[in-house]
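Biologist: I'm new to this one. Can you put it on screen and walk me through it?

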Amino acid sequence: MLDDIVEEVGVENVVQIVTDNAANYKLAGQMLMDKRNMLYWTPCAAHCIDLMLEDFESKIHMHKEIIASGKKITTYIYARTGLITLLHHYTVGGELIRPGVTRFATSYLCLGCLNDKKGELYRMLTSKEWKDSKFAKTKDGKLVENIVTNRDFCKNLVICLKGAFPLLKVLRMVDSDEKAAMGYIYEAMDQAKEQIQTSYNNKRKSYQPLWQIIDNRWDKQLHRPLHAAGYYLNPMLHYKPNFKADNEVKQGIYACLERMMGGDMDMVNKIDGQLEDFKSKKGFFGSEIAQHGLENKTPTQWWESYGDAHPELQNFAIRVLSLTSSSSGYERN
């Protein structure tokens with residue numbers, strides 16, 4: 001089926017096929033890449049990050065326990081009209097639940113709401129209105145009160161959020177329809193990993209299982225040459241002082257270049273030469289207007305505006321930077 005669609009659209013018009021990470025799609029994607037040597041099959045970034053969050057909840061005891069406790073609080077309150085009214089009184093209309101793009105994202109977003117409203121929730125469950133209500137005398141009511149007033153719950157809630165929220169930021173980016181994410185996902189994942197590691201400071205034992213999950217899903221399953229090429233070709237990132245083209249990034253862009261050119265080494269060498277001008281800001285790339293354009297244009301708009309003197313590189317960069325990294329848009333349609 002995937003090959004039929006490529007045939008219908010025209011292989012020259014297809015750079016990548018994005019699906020979720022299920023084994024059958026992975027096999028089909030590999031078969032397609034074996035047959036069509038100029039395109040890529042890429043796993044869906046949103047699905048991959050959602051699987052990371054699922055692994056956090058299922059494989060890390062603290063996350064599993066805190067999410068379960070958070071659900072007990074929200075389920076109990078939102079199943080009772082009187083408690084919803086009392087909650088809105090103390091939170092001035094604020095809510096404890098917040099829908100996300102996926103089920104597991106929703107779990108962590110709800111934890112974020114609980115953390116944001118923990119003061120109001122504490123005052124509500126220690127108030128005279130609560131103590132005098134019938135809810136405070138029930139078994140489930142006492143359980144919810146004990147959870148909210150337990151200092152360990154609040155402390156562990158923050159620890160869980162430090163591990164999950166950097167990934168939620170990446171999930172929002174790759175799931176957005178506002179801009180193509182291919183030029184940003186490589187750096188975004190690197191930043192997320194650094195933020196998670198930094199937030200745990202010297203608590204290596206707490207960080208280790210998170211790092212293993214992220215490593216297994218990102219480094220071993222999702223990360224592809226297209227992501228490295230997008231990072232390299234994105235002028236908004238390439239011209240930053242902290243831009244780093246390490247061996248992984250260089251291998252990624254050249255593997256991508258060779259594949260997308262169908263092994264035409266004359267074209268590969270021509271584009272490689274033009275990359276030197278891009279790297280050194282030679283010609284129009286380094287002009288004041290082009291550098292100012294970094295602030296107010298998308299990566300593809302920047303290449304369309306300032307890359308005409310290097311047409312082969314311009315076309316290659318636009319094809320890469322125009323790509324999505326997620327199949328979520330298709331699923332919504």
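Biologist: Which residue is the bridge partner of Gln-16 in strand 2?

Modeller: The partner of Gln-16 in strand 2 is Tyr-40. Strands here are DSSP E runs of at least two residues, helices are H or I runs of at least four, and both are numbered from the N terminus. Two strands pair if DSSP finds at least two bridges between them.

Biologist: Before we go on, what kind of model is this?

Modeller: This is a predicted model, where local features need pLDDT of at least 70, side-chain atom pairs count only at pLDDT 80 or more, and totals for chains, interfaces and linings use all residues. Residues are numbered from 1 along each chain as its sequence is written, and side-chain values use heavy atoms, with hydrogens and water left out.

Biologist: Back to the strands. How many bridges join strand 1 to strand 2?

Modeller: Four, and the two strands run parallel. Thr-19 stands opposite Pro-43 in strand 2.

Biologist: Are the residues of strand 1 buried or exposed?

Modeller: Gln-16 and Val-18 on one side are buried, and so are Ile-17 and Thr-19 on the other. Buried means under 20% relative accessible area, exposed means over 50%, and partly exposed is in between (1.4 Å probe, protein chains only).

Biologist: And which way do the residues of strand 2 point?

Modeller: Tyr-40 and Thr-42 point one way, Trp-41 and Pro-43 the other, and all are buried. In a regular strand, side chains alternate between the two faces of the sheet.

Biologist: Zooming out, how many helices does the chain have?

Modeller: It has 20 helices, along with two strands. The C-alpha trace spans about 80 × 50 × 40 Å along its principal axes. Of the 333 residues, 50% are buried.

Biologist: Start with helix 1. Which of its residues are buried?

Modeller: Leu-2, Asp-3 and Val-6. They cover an arc of only 100° around the axis, so they sit on the same side of helix 1. That arc is taken from the directions from the helix axis to the C-beta atoms.

Biologist: What is on the other side of helix 1?

Modeller: Asp-4, Glu-7 and Glu-8 are there, and they are exposed.

Biologist: What covers the buried residues of helix 1?

Modeller: The cover includes strand 1 (16-19) and helix 2 (23-35). Contact here means heavy atoms within 4.5 Å.

Biologist: What follows helix 1?

Modeller: Gly-10, whose phi is positive, near 105°.

Biologist: Where is Arg-36?

Modeller: Arg-36 is in the loop between helix 2 and strand 2 (40-43). At 14% relative accessibility, Arg-36 counts as buried.

Biologist: Which residues does Arg-36 touch?

Modeller: Leaving out residues up to four places away in sequence, Arg-36 touches Asp-3, Val-6, Glu-7, Val-11 and Arg-259. Arg-36 and Gly-262 are 226 residues apart in sequence, yet 9.3 Å apart in space, C-alpha to C-alpha.

Biologist: New topic. How many salt bridges are there?

Modeller: A salt bridge is a side-chain nitrogen of Lys or Arg within 4 Å of a carboxyl oxygen of Asp or Glu. By this rule there are nine.

Biologist: Which residue pairs with Asp-55?

Modeller: Arg-217, with the closest N and O atoms 2.9 Å apart. The pair links distant parts of the chain: Asp-55 is in helix 3 (residues 45-59) and Arg-217 in helix 12 (residues 204-222), 162 residues apart. Asp-55 is buried at 7% relative accessible area, and Arg-217 is buried at 16%.

Biologist: What about a salt bridge out on the surface?

Modeller: Take Asp-132 and Lys-128, with closest N and O atoms 2.7 Å apart. Both are exposed. They are four residues apart in helix 8 (residues 128-132), so about one helical turn separates them.

Biologist: Last one. Why is helix 13 largely enclosed?

Modeller: Helix 13 (residues 225-233) is largely enclosed by the rest of the structure because eight of its nine residues are buried. Among them are His-227, Tyr-231 and Tyr-232.
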